[in-house]
Amino acid sequence: MEKWRLNGVVADDGQTPIFDSYDVVVCGGGPAGVAAAVTSGRLGQKTLLIEKNGFCGGAAVAGLSATICGMYYGKEDPTTGAEQVVYGFTEEFRQRMEARGGLTEPQVYGKTHVHTHDPIIWREVADDMLLEAGVTCLYHTIISGVVMDGDAVRAVEVESSAGTSLIKAKKFIDATGDAAVIARAGFEFYYGDNGVIQNPTMMFRMANVDMEPFLEYFKGDTICPPEMIKDLTEKNESGEYSLPRNKVWVFPSTHDRVLMMNTTRLAGQDGRVLNVINPVDRTEAEIYGRRSTREYERYFREHVPGCQDAYLFDTGTEVGVRQTRSIKGVKVLTNEHVVECRKCDDGVVRSPWPIELHSASAPKLHWLYNDYYEIPYLTLVPEVGEDIIVAGRNLCAEHEALASARVTAQCFEYGHAAAVAADISIKQDVKFRDIKGEDVRAIMKERGSAL
């Protein structure tokens, strides 16, 4: 096999080339990964970001979720206005998106507010921030293995069209969303509630919408009105359409006459829960996800005011994934912690987002009104494993807690926290699990996070 010799250095075994060595390697370029890499670079660490796609954004861009959720309080009357809770890296990214015209004003989503963003501008903002911070990026590169020294991660093996190479680092941040590095290293993880995880979704956009009658029908919300829920249910049960999800979310976008559609719910054709870690399940989700978007397009064209001449003009480049692996961490974010809006001295991320559980059998939406909880630092640290920390939806959390803690604003701040911890670990020669969450929190506050 042709070797990948980008810098001409060959590993000791004479077989696998070494691409380079870094202080911090961030694996995955979603919101958590971008925040981690940019923060690490700004803190003076030689940083590399590895991303499987040709752009950053993860589920927010490739999955076309296209909203920034988790920034604002839930309110019994959201028409009183959006009240911000989360700042830090999240707020900086929001401001940069806004400055380029890539973000809507806060929109009512049930009892809270969200922004809809332009996924192309999201990619551009991420590219600019990474380059400004001096981060090296490898796009179109996947992680295929992990080099261990006992319980310590020493290098990751990566694959690209150029071949195979090793990348060494002092510290690794697993921001893959799937805990892919944790799993390949052999550390413990689990799936949701005894293997049951949230459904994926195929997001899509519809263009040529007559916005005035559409907005009047949705009554100032992005969650569909009760009469539409009833109609979707009846038409699905009659067999006239295949519409398994009857409570749908539709967001006006940054473009005129374009809607962002969060309407599908994907399960196996035999009714099983799809685990998209399995490529068989993921392929099924992709194929039937695209078919499902056509059914919802047909329904909207035939029954929703303003959509008679609308059409589907793109889908996510991959199915939107809400949940796969969670690490077995030093601490666990519990369901009770979320529901009771607990604060903690070692909390490094705030979240006011509801428990938003997507499940075909038992969906759940539990609002947090005028309050938030804080996620402890050690939920990002694996119980066993050295020189690695996670950032993003792969933190250690119970099933319903994760349904709240997994969204974009929080993922930005997990990445922020993980990079601060990596910087402390390197400069003070201390293990991740021996770092005090209070110390990470204090530095994040200095860097603009509201904690």
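User: Is Ala66 buried or exposed, judged by its relative accessibility?

Analyst: In this predicted model, Ala66 sits in the loop between strand S2 (47-50) and strand S3 (67-68). A residue counts as buried when its relative accessible area is under 20%. Because the relative accessibility of Ala66 is 0%, the residue falls in that class: buried.

User: What is the phi value of Ala66?

Analyst: Most residues other than glycine have a negative phi. Ala66 is a residue other than glycine, yet its phi is positive, near 55°.

User: In which loop does Asn370 lie, given its positive phi?

Analyst: Asn370 also has a phi with a positive value in a residue other than glycine, near 55°. As for its place in the chain, Asn370 belongs to the loop between strand S18 (364-366) and strand S19 (373-376).

User: Which residues does Met97 touch, not counting residues up to four places away in sequence?

Analyst: Met97 is part of helix H2 (residues 88-99), and with a relative accessible area of 0% it is buried. Once residues up to four places away in sequence are set aside, the residues that Met97 touches are Gly102, Leu103, His117, Asp118, Ile121, Trp122 and Val125.

User: How many Å separate the C-alpha atoms of Met97 and Asn53?

Analyst: Along the chain, Met97 and Asn53 are 44 residues apart.

User: Why does Arg205 count as buried, and which residues does it touch?

Analyst: Arg205 lies in strand S11 (residues 204-207). The cut-off for a buried residue is a relative accessible area under 20%, and Arg205 counts as buried because its relative accessibility is 9%. Leaving out residues up to four places away in sequence, Arg205 touches Leu64, Pro119, His255, Val258, Leu259, Met260, Met261, Tyr311, Leu312, Phe313 and Asp314.

User: What is the C-alpha separation of Arg205 and Arg433?

Analyst: These two arginines, Arg205 and Arg433, are 228 residues apart along the chain. The distance between the C-alpha atoms of Arg205 and Arg433 is 43 Å.

User: Where is Asn278 found, and how far is it in space from His303?

Analyst: Asn278 occupies the loop between strand S13 (259-262) and helix H7 (279-303). At 35% relative accessibility, Asn278 counts as partly exposed. Asn278 and His303 are 25 residues apart in sequence, and from C-alpha to C-alpha they are 36 Å apart in space.

User: What separates the C-alpha atoms of Lys445 and Val348?

Analyst: Lys445 is in helix H11 (residues 437-446), where its relative accessibility of 46% makes it partly exposed. Although Lys445 and Val348 are 97 residues apart along the chain, their C-alpha atoms are separated by 9.1 Å.

User: Which kind of aromatic pair do Tyr217 and Phe218 form?

Analyst: The whole structure holds 15 aromatic pairs. In the pair of Tyr217 and Phe218, the ring centres are 6.0 Å apart and the angle between the planes is 65°, while both residues are buried. Planes over 60 degrees apart define one class of pair, so the pair of Tyr217 and Phe218 is edge-to-face.

User: Which residues form one aromatic cluster?

Analyst: Aromatic pairs across the whole structure number 15. One aromatic cluster is formed by Tyr109, Trp249, Phe251, Trp353 and Trp367.

User: What radius of gyration does the protein chain have, against that of a compact globule?

Analyst: The protein chain contains 11 helices and 20 strands, and its C-alpha trace spans about 65 × 50 × 45 Å along the principal axes. For 451 residues, a compact globule would have a radius of gyration near 22 Å, so the chain agrees with that expectation at its own value of 22 Å.

User: What share of contacts between residues at least 6 apart in sequence joins residues at least 24 apart?

Analyst: Of the 451 residues of the protein chain, 61% count as buried, and the accessible surface comes to about 17,200 Å², with 47% belonging to carbon and sulfur atoms. Among contacts between residues at least 6 apart in sequence, the share that joins residues at least 24 apart is 73%.

User: How far apart are the mean positions of the positive and negative charges?

Analyst: The protein chain carries 48 positive and 65 negative charges.

Note on methods: Residues numbered from 1 in each chain as written. Predicted model: local features only at pLDDT ≥ 70, side-chain atom pairs only at ≥ 80, totals over all residues. Heavy atoms only, no water. Helix = DSSP H or I, 4+ residues; strand = E, 2+ residues; numbered from the N terminus. Rg over C-alpha atoms; globule rule 2.2 N^0.38 Å. Buried < 20%, exposed > 50% of the residue type's maximum accessible area, 1.4 Å probe, protein only. Contact = heavy atoms within 4.5 Å. Areas by Shrake-Rupley, 256 points an atom, 1.4 Å probe, with all protein chains shown as cover. Lys, Arg positive; Asp, Glu negative; His and termini not counted. Charge placed at Lys NZ, Arg CZ, Asp CG, Glu CD. Phe/Tyr/Trp six-rings, centres within 6.5 Å; stacked < 30°, edge-to-face > 60°.
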